[in-house]
Amino acid sequence: MDTLLNINTKEHDEKRQGEAFAPLVLDGNEYKKLFYIESYGCAMNFADSEVVASILHKNGFGATLQFENADLILVNTCSIREKAEATVRKRLTEFRKLKKANPGLLVGVLGCMAERLKEKFIEQEKLVDLVVGPDAYRSLPSLIEEAETGQKAVNVLLSRDETYADIAPVRLNSNGVNAFVSIMRGCNNMCSFCVVPFTRGRERSRDAGSVIAECKSLFEDGYREVTLLGQNVDSYHWVGNESGGGYEEPVTFANLLEKVALISPLLRVRFSTSHPKDITDEVLFTMARYDNICNYIHLPVQSGSSRILQLMNRTYTREWYVARVNRIREILPDAGLSTDMITGFCTETEEDHQQSLSLMEYCKYDLAYMYFYSQRPGTLAARRFEDDVPEEVKKRRLQEMVKLHRRNTLLSMQRDVGKTFKVLIEGFSKKTPEELQGRNDQNKVVVFPKENFKKGEYVSVKITACTAGTLIGTALI
């Protein structure tokens with residue numbers, strides 16, 4: 001069992017785990033069958049569910065929020081942590097029970113767990129009717145037809161070129177303001193603790209032209225913020241060809257950022273996730289050049305100990321990471337900075353742990369996502385190292401890290417009191433419809449009285465108070 005301490009929203013948003021996608025608003029089509037889909041894991045999985053929805057819509061399936069009414073139930077899964085897998089297994093068992101009352105119901109698993117546990121799901125546990133990996137969503141219609149005959153349908157083949165560039169995702173359950181846009185798939189970084197390279201395959205970049213077209217379409221449809229997604233966005237590299245792209249020169253991530261920013265100054269641009277070994281000065285200078293590229297960088301470090309970083313195969317040292325942070329502060333002095341941290345990785349000592357704490361104290365992250373290590377089958381760490389740090393030690397170190405971070409977060413928020421920020425309104429606050437909420441450039445949540453403002457508008461808000469996770473203010477007319 002692992003623990004996640006989520007101080008604010010990130011691509012791995014705990015509040016969204018198990019979220020069911022709603023049917024399209026104003027969708028007047030009549031569908032012969034209904035599908036229900038729940039998503040777990042990171043933002044890439046939620047974006048993938050929108051691709052799946054698009055494929056199913058084109059093949060006569062409509063979305064429903066009531067799984068009891070569905071002809072097809074899909075669970076889009078995550079394998080990165082033990083807790084996520086346990087949650088999904090329990091959910092699949094519950095859905096499987098529905099087949100007693102509705103024998104025609106199909107239950108399927110998508111995503112990373114599909115790739116990793118296909119045989120168990122189909123043959124041993126008999127939990128599902130179809131298993132579809134992250135690169136095989138185009139085959140869903142034929143797999144569904146196969147499963148409807150009583151056969152078990154499986155496609156978990158990984159691809160070296162699938163990016164779903166030509167599929168316009170169906171924006172289900174969207175607030176109509178923010179949208180995820182996938183710019184690449186897979187990962188080439190063989191971090192020893194991570195299953196992603198094995199479940200999502202090799203890294204490949206999406207056609208730059210299709211990324212720009214999707215972002216333009218979103219803006220024209222009223223969206224005002226896009227988040228460009230990839231396991232490692234800084235290694236994005238698109239080389240156009242005769243069949244598409246429209247760019248004679250290779251497109252780097254910095255080039256792509258600029259092209260999206262140029263769509264309109266009213267379109268905010270965010271991105272996730274950056275890798276410390278790949279983020280370049282060119283990206284930082286591009287961010288500084290355009291006001292609508294948000295000054296926020298998620299830069300996972302995982303550990304403050306160079307020895308542990310080497311065992312994790314992160315391919316950089318503590319000193320390299322600190323130099324990158326210093327460069328960010330130099331070029332983007334007001335940038336928000338967040339990170340991921342793992343406590344209790346194999347062989348981690350108290351000295352290693354203290355180095356992680358000292359790094360967090362140095363960087364003073366605005367947001368941090370902290371876990372204690374749970375070994376994942378099939379990873380390099382599982383094959384090479386012993387998971388030798390006792391769980392109670394992992395938890396104690398995690399709590400020490402959380403305590404330090406919460407102190408730094410509160411100080412970060414307090415420093416913003418008295419400042420004025422441009423906020424994009426995303427909707428009502430969670431506490432009352434009399435207040436609106438949005439985020440500032442640094443990705444901090446801002447709450448203020450609604451007055452006559454509307455979702456999707458930009459408003460200047462002067463901060464008058466704060467909590468450890470929220471800025472509170474008043475809109476300036």
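Me: How many bridges join strand E12 to E15, and which way do the two strands run?

Reply: This is a predicted model, and in it E12 (residues 225-229) and E15 are joined by five bridges and run parallel. To find your place in the pairing, look at Val226, which sits opposite Val269 in E15.

Me: Is E15 enclosed or open to the outside?

Reply: The general idea comes in handy here: along a regular strand, side chains alternate between the two faces of the sheet. In E15, Arg268, Arg270 and Ser272 are on one side, Val269 and Phe271 are on the other, and all of them are buried, so both faces are covered. With five of its five residues buried, the strand (residues 268-272) is largely enclosed by the rest of the structure.

Me: Okay, now a helix. Which residues of H5 are buried?

Reply: Start with the geometry: an α-helix has 3.6 residues a turn, so residues three or four places apart point the same way. In H5 (residues 140-148), the buried ones are Leu140, Pro141, Leu143, Ile144 and Ala147. They take up an arc of only 165 degrees around the axis, which puts them on the same side of H5.

Me: What covers the buried residues of H5?

Reply: The cover includes helix H1 (43-57) along with strands E4 (61-63), E5 (72-77), E6 (106-111), E7 (130-132) and E8 (153-155). After H5 comes Gly150, whose phi is positive, near 100 degrees.

Me: Which residues touch the most other members of the largest nonpolar core?

Reply: Leu228 and Ile297 do, in a core of 59 residues. Leaving out residues up to four places away in sequence, Ile297 touches Phe271, Ser274, Ile279, Leu284, Met287, Ile328, Leu332, Gly336, Leu337 and Ser338. Another core, of 25 residues, lies apart from the largest one, and Ile55, Leu56, Leu140 and Leu143 are among its members.

Me: Where is Asn292 found, and is it buried or exposed?

Reply: Look in the loop between helix H9 (281-289) and strand E16 (296-298). Asn292 counts as buried because its relative accessibility is 8%, and the cut-off for buried is under 20%.

Me: What does the side chain of Asn292 reach?

Reply: It reaches the backbone oxygen of Ala261, at 3.0 Å. Not counting residues up to four places away in sequence, Asn292 touches Ala261, Ser264, Pro265, Leu267, Arg268 and Val269.

Me: Let's move on to charges. How many salt bridges does a search of the whole structure find?

Reply: The search turns up 33 salt bridges here. Take Arg185 and Asp48: their closest N and O atoms are 2.8 Å apart. That pair links distant parts of the chain, with Arg185 in strand E10 (residues 184-185) and Asp48 in helix H1, 137 residues apart. Both Arg185 and Asp48 are buried. They also belong to a network of salt bridges that links Asp48, Asp135, Arg185, Arg200 and Arg204.

Me: What does Glu225 form a salt bridge with?

Reply: The partner is Arg439, and the closest N and O atoms are 2.4 Å apart. Glu225 is in strand E12 and Arg439 in strand E20 (residues 435-439), 214 residues apart, so this pair also links distant parts of the chain. Glu225 is buried, with a relative accessible area of 1%, and Arg439 is buried at 14%.

Me: One last stop: how do E22 and E23 pair?

Reply: E22 (residues 458-466) pairs with E23 in the antiparallel sense over five bridges, and the two form a hairpin with three residues between them. Val461 has Ala475 in E23 as its bridge partner. E23 (residues 470-475) is also joined to E21 (residues 445-449) by three bridges, and those two run parallel. There, Val445 stands opposite Thr470.

Definitions and conventions: Residues numbered from 1 in each chain as written. Predicted model: local features only at pLDDT ≥ 70, side-chain atom pairs only at ≥ 80, totals over all residues. Heavy atoms only, no water. Buried < 20%, exposed > 50% of the residue type's maximum accessible area, 1.4 Å probe, protein only. Helix = DSSP H or I, 4+ residues; strand = E, 2+ residues; numbered from the N terminus. Pairing = 2+ DSSP bridges. Arc of directions from axis to C-beta. Contact = heavy atoms within 4.5 Å. Core = buried A, V, L, I, M, F, W, Y, C linked by side-chain atoms within 4.5 Å. Polar contact = N/O pair within 3.5 Å; in protein donor to acceptor, adjacent residues only side chain to side chain. Salt bridge = Lys/Arg side-chain N within 4 Å of Asp/Glu carboxyl O.
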